[in-house]
Amino acid sequence: MLSLVLSVLHDRTIIDCSWQPSIPIVLRSSNPRIVIVADPYSPSYKASKQALCSFTAMSKILPTRAEAHYSTSTPTMTVGITSQNSYNTQRRSKHHEADVLVVGAGVFGCAMAYTMANQGRSVILLERQMKEPVRIVGELLQPGGVEALKKLGLEKCLEGIDAIPCYGYNVHYHDDDVVIPYPPIEPSGKVLAATHRGLTAQEYVQAVGRNNINGHVDNASGAVHKFSLDKPEGRSFHHGRFIMQLRQSCSNHPNITIFETEVTNTIRGEHTSQILGVETKRADKTKDYFFGQLTVIADGYNSRFRKQIINRKPIVKSKFYALELIDCPMKPQNFGHVIIGKAFPILMYQIGTHETRALIDVPENLPEASPQNGGVRGYIRNVVIPTLPEETKRAFELALASGCIPKSMPNSWLPPARQKNNLGVVLLGDAYNMRHPLTGGGMTVAFNDAILLSKLLHPDKVADLGNTDAVNTAMSKFHWQRKSLTSIINVLAMALYMLFAAQDRQLAALQRGCFVYFKKGLTDEPSAMLGGILHRPSALVYHFFAVAFLTIRINTIDLCGGGISGICKIPRAVLDAVLILWKACVVFLPIMWQELQ
């Protein structure tokens, strides 16, 4: 494999190299503004003698010492370096070169950097700001995400951040509610029947003895309980604290070097479209350059590079506005709460011993949130608070009394796209695929994506990440293999949001049918899919249309159950049945079709 060091001092050239003319060479000057990339397909590159002569000639016009350096993960020759680890460390720190270049130290970026480093790859992780981020989503990790975190070797990141166990959801529908616990699941993946299904919160608390309320947790240490798939358990926490733990794990890894710098552009070869690395801007506004055999871009929902790589734009129809409630009493404890009523959906979950996150969905151009009606604060005060369970209203009022406009986050939908011919670069994380955060599945998708892609790119399968054909083959497999989980989470998130935010008669009927379905205790597989622990898309299709047919049945009974007079309403019931089934297809099938692309 190639190991090339050219040390040039004015017109004096010292060459120590072994040459493999199929890999790009980067010529770097001590002046960060001078970087020359020798394309492997250029005429000068194909002839090694001409390439060296060109570099020697270039050195004569450089006023300072210049260096050219490139190496794959297994060099045949090094200069003054005695071990592979120290050699790779010097590659990263001095020459800004690695096997893998990861842009974005968020949830996916950290996970991908860590798992690739565990495989022996040399990794550079780039992040614009290393201070603790402040974000109002990415705070609920489903059981499937916790298990994925364990597989990645990052489960300790949940320690010491006051993380709260989560055992399922409690869905409030007007004046009624139903608790939906995560079901037990066998190692084979078979879902077992959960106990205490179809109960209200009060019935559930009496049945299982969970008499504590939020803000008074028995175990407030934040220590991680032993996780087991036969007793699924999620975690909720402050997003920034969790991210800092992930970054610390990456910082401690001997195969990872982190740089705080803002990525501004990609670097392409002169004669090909292959991405060789990225250009960045330091805090002092000077430019810098980083190079890798594979560049992984995971720069978040507001990605700078999405259009360049997959040319897609997220669809945003609403925002989540956030409040942080203090000692908000909610029963049952350690459950996420979804509130459906006259307002658009409201999501509540505990993120610390005393803190509870409230996310209020506000569609674009909502009249009740117009400036004339007091804006978002007016909508929360006049529409949301009257919809809430009585015991939570006081905490909402106190949080709203601060006078500040609640922080917001767009609720984006971005279906996954195939990345066929991207040479040297892949786009992943929220930059690649997003869904409505109502179901809290984003981090579960990210961690499972990191596991799957790292398996497909394992050195045993793809020894050279500079082999673009091999990487593209792996990405094609990744696109389809991830769907057993991600299609469920993506479709479930978007379909449930459309039902819970019902804005017409048929959607309202389906919303009611969905709640009745939950009340009947038919929640084991739906909650397992919600938790990211059941990977069977056919189950999602079955349960969604089971809800649709139950809705038709309920509507027909309501219309035709009044004796002789009800018979006259049979034509209307038939028409409603057709319209409800059509609406269910309109909600479900387009989203599923996008997932199957």
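These legends describe close-up views of a predicted model.

**View 1. Three strands form an open antiparallel sheet.** The strand order is β8-β12-β9. β8 (140-141) and β9 (164-166) stand at the edges. Each has a single partner strand, so one side of each lacks a neighbour in the sheet. β9 pairs with β12 (residues 234-236) over 3 bridges, in the antiparallel sense. C166 has G234 of β12 as its bridge partner.

**View 2. E233 and R235 form a salt bridge.** The closest N and O atoms are 2.4 Å apart. E233 is buried, at 9% relative accessible area. R235 is also buried, at 2%.

View 3. K583 meets D504 at 3.0 Å, N to O. D504 is partly exposed, at 26% relative accessibility. R505 pairs with D576, with the closest N and O atoms 2.9 Å apart. R505 is partly exposed at 42%, whereas D576 is buried at 4%.

**View 4. E139, E324 and R357 are linked in a salt-bridge network.** The whole structure holds 18 salt bridges.

**View 5. K151, K455, K461 and K477 form a positive surface patch.** K461 sits in the loop between α11 (442-456) and α12 (468-481). K461 counts as exposed because its relative accessibility is 59%, and the cut-off is over 50%.

Note on methods:
Residues numbered from 1 in each chain as written. Predicted model: local features only at pLDDT ≥ 70, side-chain atom pairs only at ≥ 80, totals over all residues. Heavy atoms only, no water. Patch = residues over 30% accessible without salt bridge, like charges linked within 9 Å, V, L, I, M, F, W, Y side chains within 5 Å. Areas by Shrake-Rupley, 256 points an atom, 1.4 Å probe, with all protein chains shown as cover. Salt bridge = Lys/Arg side-chain N within 4 Å of Asp/Glu carboxyl O. Lys, Arg positive; Asp, Glu negative; His and termini not counted. Charge placed at Lys NZ, Arg CZ, Asp CG, Glu CD. Helix = DSSP H or I, 4+ residues; strand = E, 2+ residues; numbered from the N terminus. Buried < 20%, exposed > 50% of the residue type's maximum accessible area, 1.4 Å probe, protein only. Pairing = 2+ DSSP bridges.
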